[in-house]
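The structure is shown first.

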Amino acid sequence: MEHDKLGIYSKAFITDVPADLNSPEVEHFRKTIRRFPDEAIYIYSFKENRMLYADGWEELLGYADNEITMLTIVNITAPEYAPFSNELNDKALMFLHNITKDLELYSFTIELKKIHKNGTHVPLICKVGVFAVEEGQTTAIIGHSQKNESIKLGNVMRYAAYGPEKSAFEEELNKQLFRHYAISEKEKEALAMVAEGFSFKEIAARFGVSQSAIEKRIIPMYKRFEVKSLTHLISFAYANHILP
C-alpha cells in the first residue's frame with residue numbers, strides 16, 4: 001500500500017503497523033470499549049505511530065483485526081470517496097493539532113463506502129474522535145465504523161463536526177473543503193428548513209444567529225453545486241440524497 005494515497009498532512013503520522021492484540025492494553029480495551037453490531041473500532045496512537053487496538057474488522061470488511069492498520073483503513077476507501085475523505089482527515093487533524101483545550105470532546109463523522117476484502121463496497125458511517133491527550137496535544141484517536149445499508153449515498157459527501165468549538169471546527173472544514181462536492185451537517189440542517197418553506201429570517205431565529213449567517217451557509221452552495229436558484233438547489237439536494 002502506498003503513502004501517496006494519503007492526505008499531504010497525514011503522511012507524517014500514518015503507518016502500516018498493526019496493533020499487538022496479545023497485549024494487556026488490548027485486553028483492557030476489550031473490556032471497557034463497547035462495540036455495537038455491524039461496527040468495527042480502532043484506536044491509533046500518534047505517539048507510538050501504530051494501531052493500539054482493532055476489533056470487529058473481519059465481520060465488517062473481511063480483514064482480521066491483526067492485519068488492520070491505519071494505512072489499510074485509508075486505502076480501502078472507495079475511489080469516488082477517497083479524495084474527499086483523505087482531505088477531510090487532513091484538515092480535521094490540522095485543526096485538532098492547533099487547539100489545546102477540551103480536546104477529548106472533539107470528533108467528526110463522514111458517510112462513505114469502504115471496499116470489503118472480497119471487493120464489494122460497504123456503506124459506512126465513520127466517526128473519529130480524540131481518545132487520548134497529553135500536555136494539550138492529541139496523542140491517540142478512536143474510530144468507529146458502522147455499516148448502514150439504509151444510507152443513500154449520492155455524489156455529495158456528507159460530514160459533520162462536533163466539539164466545544166463546533167462552529168469554528170465545521171467552518172474551518174467548510175473553508176478548506178469548498179472545492180469538493182460536500183455538505184456539512186450544519187449546512188444540511190439549514191437547507192432542510194429552506195425546503196420546508198422557512199425564510200432565511202425564520203431559520204436564523206430558529207438557530208439563534210443572524211440572517212446573514214444563514215445566507216452564508218446557503219448561498220455558497222450555489223457555486224459549489226453549480227445551481228442557479230434556491231429551487232434548483234433544493235431539487236439538487238433531493239436528487240443527490242442530501243435531503244430525504
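## Strand β3 and its partners

Two strands count as paired if DSSP finds at least two bridges between them. The model described here is predicted. In it, strand β3 (residues 107-115) and strand β4 (residues 121-134) run antiparallel and are joined by 9 bridges. Ile 115 has His 121 of β4 as its bridge partner. The hairpin formed by β3 and β4 has 5 residues between the strands, and Gly 119 takes a positive phi near 100° there.

β3 also pairs with strand β6 (residues 157-162), in the antiparallel sense and over 5 bridges. In this pairing, Ala 161 of β6 stands opposite Phe 108. Of the 9 residues of β3, 7 are buried, so the strand is largely enclosed by the rest of the structure. Buried here means under 20% relative accessible area.

## Packing of helices α6 and α10

Two packed helices are described by the angle between their axes and the distance between the axes. For helix α6 (residues 185-195) and helix α10 (residues 230-239), the angle is about 115° and the axes are 10 Å apart. The two helices are therefore roughly perpendicular. The crossing of α6 with α10 is left-handed.

On the α6 side, Leu 191, Val 194 and Ala 195 make the contact. On the α10 side, the residues are Leu 230, Leu 233, Ile 234, Ala 237 and Tyr 238. By class, the contact of α6 with α10 has 8 nonpolar residues, with no polar and no charged ones.

Terms used: Residues are numbered from 1 along each chain as its sequence is written. This is a predicted model: local features need pLDDT of at least 70, side-chain atom pairs count only at pLDDT 80 or more; totals for chains, interfaces and linings use all residues. Side-chain values use heavy atoms; hydrogens and water are left out. Buried means under 20% relative accessible area, exposed over 50%, partly exposed in between (1.4 Å probe, protein chains only). Helices (H or I, at least four residues) and strands (E, at least two) are DSSP runs, numbered from the N terminus. Axes are lines fitted to C-alpha atoms, for helices over the stretch in contact, and angles run from 0 to 180 degrees between N-to-C directions. Angles under 35 degrees count as roughly parallel, over 145 as roughly antiparallel, 65 to 115 as roughly perpendicular and the rest as oblique. A crossing is left-handed if the near helix is turned anticlockwise from the far one by less than a right angle, and right-handed if clockwise. Contact means heavy atoms within 4.5 Å. Ala, Val, Leu, Ile, Met, Phe, Trp, Tyr, Cys and Pro count as nonpolar, Asp, Glu, Lys and Arg as charged, and the others, Gly among them, as polar.
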